[in-house]
Amino acid sequence: MPLNIVILGPAHPFRGGGITTFNERLATELQSAGHLVRIVNFSVQYPSILFPGKSQYTDESAPPGLTIVRMLHSMNPISWVRTGRYLNKLKPDLIIVRFWLPLMAPAFGTVLKIAKKNNHSRIIAITDNVIPHEKRFGDKALTHYFIGACDAFVTMSENVLNDLKNFNATKPAIQLHHPLYDNFGEKVTKSTAKKWLDIPDEITLILFFGFIRKYKGLDILLEAMQWVDRPDVKLLIAGEFYDDPAYYRNIISRYGLMDKVILKNSFIPNEEVRYYFSAADLVVQPYRNATQSGVTPLAYHFEKPMVVTNVGSLPDYVPHLKAGLVAEAEPQSIAKAINEFLRLGESYFKEGVEAEKKKLGWGHFAKAIEELYQKIKN
């Protein structure tokens, strides 16, 4: 039976590539299954003073076929009440809410508590993180407030599932794989992609992709590059700095990596993403800590092997010596893994990458949410 579903969280015109892209892709999948879906989006997600990047917004067109309603101001309690009353009156069967940061807990928690007073709507939270990567005072109290408003939970890593148990011991919770980011177009040939990026064909390319923060370990990868054996190997860094870029530039200078690093310091628009991944021979995620990463299903969509660090659920998504290699979060271990990849070659991992890619379909993810809703609706 078709459901009336609301996804509460960021969507266009906020920049894609992460939670925004996920929400839009999930909405499309649920619609294709016959459900009525709308996204209740932010009017203001982060006040400018709290946003570390250059812009929160995209100039790209809105995804076709989606209903997106902008109304929630993350820092304005009047907006929380107004959005809660809107959902209370709308009376959706299911509200799916994304939770990634305790900063959002007061807004989301208040909206959901008001919405649930209609005694009809059920709440499933997709929890990217329960305990954030960068901890702050008050995180636990805020998370408790949010979790109290929800009926069930979906996590995409065992670590988050275990963290959730410290806040919730009774409500249903399931773990699912992060589905493919398959809405960035199809891959192009490596030669075409390198030409578009103005990178010579003979270069073997390692890709670090996504916004740059300390926990993502770019500094560890840069240090590792001094031990990478082959002179034809270059590291392409594609993403916007959310930390001080001078810190990373100093590492590049200190280890004489100027000829080994290509720096694209900006947000990568959706229509350009495929060129970066298609050009790459290897994607490296040198994270210090992590739950799961959206870069992983993006790499699988473009059928690229990975080196990931042994943190969070990253090794669960990238079987060692099958779809990539697992290293410790320190420079020499990452360098050893990169050199092992160079010795084995990209083709060695082809079968393993294709096998993992098949596991990450959106249909399975949407079906699991429908089944979880049936479990909690009465």
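Predicted model: local features only at pLDDT ≥ 70, side-chain atom pairs only at ≥ 80, totals over all residues.
## Reading cavities, pockets and cores

Reader: What volume does the largest cavity have, and which residues line it?

Author: The volume of the largest cavity is about 40 Å³. Around it sit Leu 176, His 177, Pro 179, Lys 359, Leu 360, Gly 361, His 364 and Phe 365. By class, that lining holds four nonpolar residues, three polar and one charged.

Reader: Thanks! Is His 178 buried or exposed?

Author: A residue is called buried when its relative accessible area is under 20%. His 178 has 4% relative accessibility, so it counts as buried.

Reader: Where does His 178 lie, and which residues is it in contact with, leaving aside its neighbours within four places in sequence?

Author: Look in the loop between β7 (173-175) and α6 (190-197) for His 178. Once those sequence neighbours are set aside, its contacts are Phe 22, Met 156, Gln 292, Gly 294, Pro 297, Tyr 317 and Leu 360.

Reader: Now for open space. How many residues line the second largest pocket, and which lie nearest its centre?

Author: A pocket, unlike a cavity, is an open set of points. The second largest pocket here has 18 lining residues, and Glu 24, Ser 61, Pro 63, Asn 183 and Asn 270 are the ones nearest its centre. About 340 Å³ of space lies inside this pocket.

Reader: Which helix gives the most to that lining, and how do the residues divide by class?

Author: Helix α1 gives the most, with five residues. Both α1 (19-32) and α9 (270-279) supply at least two residues each. The lining of this second largest pocket divides into nine polar, five nonpolar and four charged residues.

Reader: Let's turn to the packing. Which residues touch the most other members of the largest nonpolar core?

Author: A nonpolar core joins buried residues through side-chain atoms within 4.5 Å. The largest one has 94 residues, and Leu 26, Leu 222 and Phe 277 touch the most other members. Helix α14 (residues 362-376) contributes the most to this core, namely eight residues. There is also a second, separate core of 34 residues, with Leu 72, Val 111, Ile 123 and Ala 125 among them.

Reader: Which residues is Leu 222 in contact with, beyond its neighbours within four places in sequence?

Author: Leu 222 is in contact with Leu 235, Ile 237, Tyr 248, Ile 251, Ile 252, Leu 257 and Val 261, those sequence neighbours left aside.

How values were computed
Residues numbered from 1 in each chain as written. Heavy atoms only, no water. Buried < 20%, exposed > 50% of the residue type's maximum accessible area, 1.4 Å probe, protein only. Contact = heavy atoms within 4.5 Å. 1 Å grid on protein atoms, 1.4 Å probe; cavity = no way out; pocket = protein on both sides within 12 Å on 5 of 7 lines; lining within 4 Å. Points joined across faces, edges and corners; volume = space filled by probe spheres on them. Nonpolar A, V, L, I, M, F, W, Y, C, P; charged D, E, K, R; others polar.
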